[in-house]
Amino acid sequence: MTEAIIRLKDVEKHYDTGAGRTYVLRRITLDIQAGDFLTIMGPSGAGKSTLLAILGMLDAAWAGEYEFMGQPVHALGRRQRAELNKNNIGFVFQSYHLLDNLTVAENLEVPLSYKTMKSSQRAALVADALDRFAIVGKKDLYPSQLSGGQQQLVAVARALVGSPRVILADEPTGNLHSAQGKEIMELFGRLNEEGTTIVQVTHSEANAAYGNRIVQLQDGWIASTEAVGGKR
Amino acid sequence: MIDDLILDLRGGARMLARRPGFTFAAVLVLALGIGGNTAIISFFDAALLRPPEVADPGRLVWVHAVSRLGRASGQVSFLDYADLRDGAEVFSELAAYAGGTMALTTEAGPEQVNGQLVSGSYFRLLGLRPFAGRAFLPEEDVSPGARPVAVLSHALWKRRFGSDPAVVGASITLNGRSFAVVGIAPEGFSGLEIGEAADLWVPLMMHAWGLPSEPGLLISRNARRLTLVGRLAPQVDRRQAAAAMTALAARQERDHPESHEGFTLAVSPIRGAVSPEGRGEVVAVGALLLAVTGAVLLIACANVAGLLLGRAAERAREIGVRMALGASRGRLIRQLLTESVLLALVSGGAGLVLAVWGLEAALSIEGAPSGLAALAAPGARVFVYAAGISALAGLAFGLAPAWTATRREAAAAIKQEARLFGRAVGRSRLQGALVVGQIALSSALLIASGLLLRSLGMALAESPGFDPRGVVSVSFDPGLLGYGRDASADLGRRLLSRVAGLPGVSAATLASVTPLSGTMAGTAAWPEVAGDDGAAMVHFSDVWPGFFETLRIPLAQGRGFTFQDGQGAPEVAVVNETLARTFWPGKDPVGRTLRVGDAASAPLTVIGVASDGKYDDFTDRPRPFVYLPWLQRPAFRSELTLLARAEGSEAAALALLREEVRAIDAHLPPARLGTMEQTLWQRADKRRGISSLLASFGGLALALACVGLYGVVACSVTRRARETGVRLALGARPAEIVRLFVGEGARLTAGGLVLGAALSLILARMMSALMYGVGPADALTFAAVSALLGLSAVVACWLPARRASRMDPVAALRSE
């Protein structure tokens, strides 16, 4: 049995409103094993993206326990969480969120610039990623000069350039047409086969089929967890 | 680290290039703030810090006398200089100079020029190579009156002699005497001091011809007229030189106790172009200007901080993404600060250009002191300062926005963009506070300038105690040409009798000091009956018959002077009402006596009481003043001013006066020709200058504050687009939308005005010495400035508010 890379216990998040307290997540208890390809699904407002933000340590205002690779995230300060995040997690967003004023190559370099790394090593990793994703020809273009699919490809390359243990993807194909979406999902599948743990949020059954487990959220609660065979 | 910095700089540069509107606005605002500040620092640098352009300036020192209070009082006598020169081995060379007005006569007529009497070592010590000819030889400064030679400044040679090379070796007429021109000084050199720009130099030993009105210059230890410059001997440092000077000063005090009690000497480096005794005033004026430009820079920083805060909301997504990609908060703050500093440095470059333009423009104004060209050419120190203050400003205006932008968690920041249209986000409190601060500071500057302008207006509206209309004046100094007292009296009589016969001149007189001319003479006076305890400080002028009639100074009692009040006649005086009240309260002063200048002097009988007037400045409070008959006593200076009341054209009368002075003596240069009203206008120059400067900076501050306010309201309009759309869809009229946003700006403005009024009250109390006839809480000034600011603020808010009111509600709602 593989070791859990992510372990959540009774994680809750709420907002205080004038009318009282509104819960977004309720008692989320979940283990994600290294090498998992987990899909989080559920209707709008179920708390999927919120859960992903907590997993990615982009949100600290929640209650409960969260262990990442044995480290108690709930007990860490902002700086330590940022440290853990940048060394182990890659994030892919639905809207790509490439930085408009940087070229493709510079976008790939951004996460590396936040690590202690020599510039020659940085350049080598960027070159590798450009090669691996076959976007060498586009390295000097700006995001506005790329199609949506190409932008998401760059966003995935950016998430992977630092060789993270876990990739978190928030509706990664939400803004792409089906052929482009398929291409991205197949890429995720290959990465998962190579050992990267992937957690995705999606509404698409087809995308969920690329994973090995589906967690259904409903009004902030985990409604069900099911294993799936995977398309690969 | 360097790689990161390059990455940040590259990103920052692109960010600025992609938002040209924002960049232009921010650079303009900051350049105005940094430019004003840099111009003042450039002035400080040239006046106080920059070494003169002479050989090895680091080894040059001022040697100056110091008063008991430790303040530099400056100059020393020739005899002291001779002792120091011969006794101090700490200097390889010691030079001395004394400035004075001289009469230069050429074919174009006589002209007053600024001359300097210098020791033979002067040019050698400075290591200056003449532009043409040679400097003085040692033997030209040995025997008094032996070698009448002169060196001309390059500027005088160009202006007065048309750059004629034949001037070297030819003779010129100075103070009616012939001097041989031996050389032309290097271009740009006009002495070591700002405001004392020399037109020519003659050897100190020629003082009897060069400064004939100061006959004691070479023989009296009390004639402290020389400024000393020393070059430190090899292996001697300033401390050793100072110790040697202290020892020499002690010896002087011991040897000459009657004239040198408490005499000490100090040594200070020659930096800048102001002698040690002039530094105090420069520092005071510069400090005021620096405070004002500092306030403007502060407003500029607050303004750009406001703009950046507005942009922080736009950049929320980028910040969030960077956090998600692993950036720590410190790293992001560093990146944002790098961008701010880059923006500030670009602005600093533009500011430096503005500073140079501003200084050049200021120095080209007619009447600006000569020899200030160095101010407009900023040196290396000014560049370093501009870069430093820019970087500091970048940190100052960048820190709060960077702090705010990175405060949120990444998830919230990424979502922020969507939320902007999702709900009505109120403006940031910090942004509002910055606008309030800007309005407060600009209102304080405007109120301060308003109070000064009102003071000037009040002072000018009051009668100066005489009627300046139609009075023309011309000054001349017979002493320059060696006229003694009797010869001057004779010249004056002849001149007045000629002028009295001129057509269009109804009255004429002469005086040693005219009211509000900028020159004042003061001494002690005693009412004869009382002992020393009754002494009072009085100011005085030596005047000729016809003085009160020409200036139409009303005589409350008695009479003015006549030609009968001459030597041998009973000694008399005319006092003003304040002096009469001070010495003889409630009694008739006419016929009483007083002593002036010396308690043992002959008593003067009061023959008249003149009404009070303004003597030194428009803001004078009534002060004791005594008029003394010039013909009866030795005047305190040789210069005379001829005053004439013209019945017709003042210009024609002036031309006639000039001709009459020339007719009396062709070598006598007329100076300061003009009408009395011009003299008065110029007398108010300093106050007008300070008030106008404050008003200009206040106006600039107002413009900046309005830009800041505009930015906040425009930001609010963008943030509340959806709310505005809903309101319009529900039937709100455009005027109501305008009122909504103008109201938001008006609340900030009101806060700024209240804070500004409190600040102004403190400021006004601090500068109460400069105010006249206006209280520090002058309601009119406060109300006028508040109205001006309020109106400008409403316009600044109305422009974006109008845009909101014209919004298409469907488009606004769809954008969600």
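Tutor: Two strands are said to pair if DSSP finds at least two bridges between them. Helices (H or I, at least four residues) and strands (E, at least two) are DSSP runs, numbered from the N terminus. This is a predicted model, in which local features need pLDDT of at least 70, side-chain atom pairs count only at pLDDT 80 or more, and totals for chains, interfaces and linings use all residues. Residues are numbered from 1 along each chain as its sequence is written, chains are lettered from A and ligands numbered from 1 in the order in which they are written, and side-chain values use heavy atoms, with hydrogens and water left out.

Student: How many bridges join strand 4 of chain B to strand 11 of chain B?

Tutor: Strand 4 covers residues 91-106 of chain B and runs antiparallel to strand 11. Within this pair, B:Ala96 stands opposite B:Leu228. The number of bridges joining the two strands is six.

Student: Which residue of strand 11 of chain B is the bridge partner of B:Val61?

Tutor: Strand 1 (residues 60-66) of chain B also pairs with strand 11, in the antiparallel sense and over four bridges. Strand 3 (residues 76-77) of chain B is joined antiparallel to strand 11 by two bridges, with B:Val76 opposite B:Leu226. For B:Val61, the partner in strand 11 is B:Gly230.

Student: Why is strand 11 of chain B described as largely enclosed by the rest of the structure?

Tutor: Buried means under 20% relative accessible area, exposed over 50%, and partly exposed in between (1.4 Å probe, protein chains only). Strand 11 comprises nine residues, 224-232 of chain B. It is largely enclosed because the number of its residues that are buried is seven.

Student: What percentage of the residues in chain B is buried?

Tutor: The secondary structure of chain B comes to 23 helices and 23 strands, and its C-alpha trace spans about 105 × 70 × 55 Å along the principal axes. Chain B has 816 residues, and the buried share is 54%.

Student: Which residues touch the most other members of the largest nonpolar core?

Tutor: A nonpolar core is a set of buried Ala, Val, Leu, Ile, Met, Phe, Trp, Tyr and Cys residues joined through side-chain atoms within 4.5 Å. The largest has 66 residues, and the elements giving two or more residues to it include helix 8 (279-314) and helix 10 (329-364) of chain B. A second, separate core of 53 residues includes A:Ile40 and B:Ala312. In the largest core, the residues asked for are B:Val304, B:Leu343, B:Phe397 and B:Leu709.

Student: Which are the edge strands of the open sheet in chain A?

Tutor: Four strands of chain A form this sheet in the order 2-1-4-5, with antiparallel pairing. Two bridges join strand 4 (residues 63-68) to strand 5, where A:Glu67 stands opposite A:Pro72. Pairing on one side only, the edge strands are strand 2 (20-33) and strand 5 (71-72).

Student: Is A:Asn88 buried or exposed?

Tutor: A:Asn88 lies in helix 2 (residues 78-88) of chain A. Leaving aside neighbours within four places in sequence, A:Asn88 is in contact (heavy atoms within 4.5 Å) with A:Phe68, A:Met69, A:Pro164, A:Arg165 and A:Val166. Because its relative accessibility is 10%, A:Asn88 counts as buried.
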